[in-house]
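Have the sequence and the 3D view open.

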Amino acid sequence: TVRAGKFGACCSRRLPHHRYKTFSSRAQYQLVLAAARKLQESGFYWSALGGKEAGALLGPEPPGTFLVRDSSDHHHFFTLSVKTATGTKNLRIQCDACCFYLQTDACGGHSAPRFDCVLKLIHHYMPGGGAGAAAGGGSAYFIYSGGEKVPLELLRPLSSAMSSLQHLCRKTVNGHIDVSSKREQLPQSLKEFLQEYDAPI
């Protein structure tokens, strides 16, 4: 028997009825719960923001600016809204029992990369991430919307809240591989703090 849960419960707040989600399994519930906790720490998670509101916020921003919000489609949990050269595009973040991924087409017919964390997914498509690092080799991802083929570029998150100095320092540490490789030498409390949010964005 598949045990179902509510997305509103995992975020510890009430959501409008149309935003309630059901989970396909307990594994998916735990995956989404962990993702929601990290997103709330990120500073660019806008929770129940709608598509029109996201477009209004991103409208005056330069291309490549993005935010993450709750999906208004009850089949999905999160949506990535990104400003492109042709306007704001909304990409539903797909989720199965063990990972998140975007439905974008990569040059060369590669399947969409999958991640156990929404933040890792986003970082992959940013400069310096997996896709960004591979861009020099000719790999690129595109958004297909309304007959348009638009390059997917994630350059800068749109902040929803002021981040603490501790969190900013944590992101900086996470962005330095040479430091991250020496985490075992750190005090346990500091290692746990870094592990709670293990992304550089």
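**Aromatic pairs**

A: The count comes to six aromatic pairs, where rings of Phe, Tyr and Trp (its six-membered ring) pair if their centres lie within 6.5 Å. This is a predicted model: local features need pLDDT of at least 70, side-chain atom pairs count only at pLDDT 80 or more, and totals for chains, interfaces and linings use all residues. Residues are numbered from 1 along each chain as its sequence is written, and side-chain values use heavy atoms, with hydrogens and water left out.

Q: What describes a pair of aromatic rings?

A: The distance of the centres and the angle of the planes. Planes under 30 degrees apart count as stacked, over 60 as edge-to-face and the rest as tilted. Phe 23 and Phe 77 are stacked because their centres are 5.0 Å apart and their planes at 15°.

Q: Where do Phe 23 and Phe 77 lie?

A: Phe 23 is in the loop between helix 1 (7–10) and helix 2 (26–42), and Phe 77 in the loop between strand 1 (65–70) and strand 2 (78–84), so the pair ties together parts 54 residues apart in sequence. Helices (H or I, at least four residues) and strands (E, at least two) are DSSP runs, numbered from the N terminus.

Q: How are Phe 78 and Phe 100 arranged?

A: They form a tilted pair, 6.3 Å centre to centre with 55° between the planes. Phe 78 is in strand 2 and Phe 100 in strand 4 (residues 100–102), 22 residues apart.
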